[in-house]
Amino acid sequence: MNTSRQMRGIASGLALSGLLLAPLAQAEGLDVRYGYLQWQPGRGPALAQLTPEPEDAGQQGARLGISDNLSTGRFLGQRHELESVVAESEEALLEALTAMLEDDIALIVINAPAQTLRQASELAGDRALLFNAGARDVSLRLDDCSPYLLHTAPSHAMLTDALAQWLNWRRWRSVFLISGPTDDDQAWADAFRRSAEKFALRVVADKEWTFEADMRRNASAELPLFTQGPDYDVVVVADERNDFGDFVPFNTWLPRPVVGTQGMAADAWHPAVEAWGAAQLQNRFHKQAERHMTGTDYAAWAAIRAVGEAVTRTESADMQTLRDYLLGDEFELAAFKGRPLSFRDWNGQLRQPVPLAQPNSLVGMAPFEGFLHQHTELDTLGYDRPESRCRLRG
């Protein structure tokens, strides 16, 4: 092993353990500049707002990623710097992106809806490598891919595949599906219907929630009648805005568990994940942000850390060099999920285990035993190479 590779290995070990040595003098420093852009439109009022998404979700994850990169970077003579903009409109986000491009910032994490992300990708072209930390739209991974857009946020298909895989594993195969009326609700429900077919589940009832009653007062009256029907093992809820989903548990006609966007849910991250050294990550994040890490925070953190790992391995801050390495076979990211993470070279999606958790405890981590794949079991979650029409590397 050569001296440079030894130094990289030592630095990575020190960063993971939290032990820092004084920076070593380097002949030349390496400056790595990142951008973080955020805009999420208001979803309107919802009935259940006890645990709303934090306004800085994603931004705090990016900040922690920079801090972690600096732990290794100082040892290797690398300087990591973040410019962060939380925009008030889509137009403001695109203006901020233009300013970053003109300032030669070529590594940019974006937390924005899918349509905004498409515009940002078209605007950036091949001048920047973008990381999607917020949009779960399957079309971005299926047939609407950009060669300079990678995804650290899991798609709807990955989340619903994780859930359907667990239901099959538990042999809870008869499903009552309830979906809300919003576009996000319907996108989640469509992804679950595909997952149900993929993992041999039967959707015995499929209803859309269109009631305008105040569920805070009428849940015990409305939901039992709504969930009458054929026998089922589990109720699956698609309610991204949280209009009614929190009122479904304990109010169904049959005494059945509730999973989906409420009840037991799938996401990129959960505060209850503590194994594989994750408690260290949770503690560092809580110390910085004074709150728990969300799935959006994790996606932004993973994007920044992926770049940091690529910089360490390639000893370069060149965007094209980093892109090629990230999409190559040698890239792996240790990210506190029990398995190394890597990018799918056909659509830029980050392979990753998906936690399934109820509000205060972890239930399981997909993929589950028995679901095999010729390359990696992580590719049982979401769209596999033959299913996607995207080919980022040919």
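## Helices H10 and H11

Helix H10 (residues 295-314) and helix H11 (residues 319-326) pack with their axes 10 Å apart at an angle of about 100°, and are therefore roughly perpendicular to each other, a term that covers 65 to 115 degrees. Axes here are lines fitted to C-alpha atoms, for helices over the stretch in contact, with angles from 0 to 180 degrees between N-to-C directions, while helices (H or I, at least four residues) and strands (E, at least two) are DSSP runs numbered from the N terminus.

Contact means heavy atoms within 4.5 Å, and by this criterion Ala306, Val307, Ala310, Val311, Arg313 and Thr314 in H10 meet Thr321, Leu322, Tyr325 and Leu326 in H11. These residues divide into seven nonpolar, two polar and one charged, where Ala, Val, Leu, Ile, Met, Phe, Trp, Tyr, Cys and Pro count as nonpolar, Asp, Glu, Lys and Arg as charged, and the others, Gly among them, as polar.

## Basis of the model

This is a predicted model, in which local features need pLDDT of at least 70 and side-chain atom pairs count only at pLDDT 80 or more, whereas totals for chains, interfaces and linings use all residues. Residues are numbered from 1 along each chain as its sequence is written, and side-chain values use heavy atoms, with hydrogens and water left out.

## The sheet and its helices

Five strands form an open sheet with parallel pairing, in the order E2-E1-E3-E4-E5, and strands pair if DSSP finds at least two bridges between them. Strand E2 (78-86) and strand E5 (149-151) stand at the edges, each with a single partner strand, so one side of each lacks a neighbour in the sheet.

Helix H4 (residues 114-124) lies across E3, E4 and E5, running at about 170° to E4.

Terms used
Angles under 35 degrees count as roughly parallel, over 145 as roughly antiparallel, 65 to 115 as roughly perpendicular and the rest as oblique.
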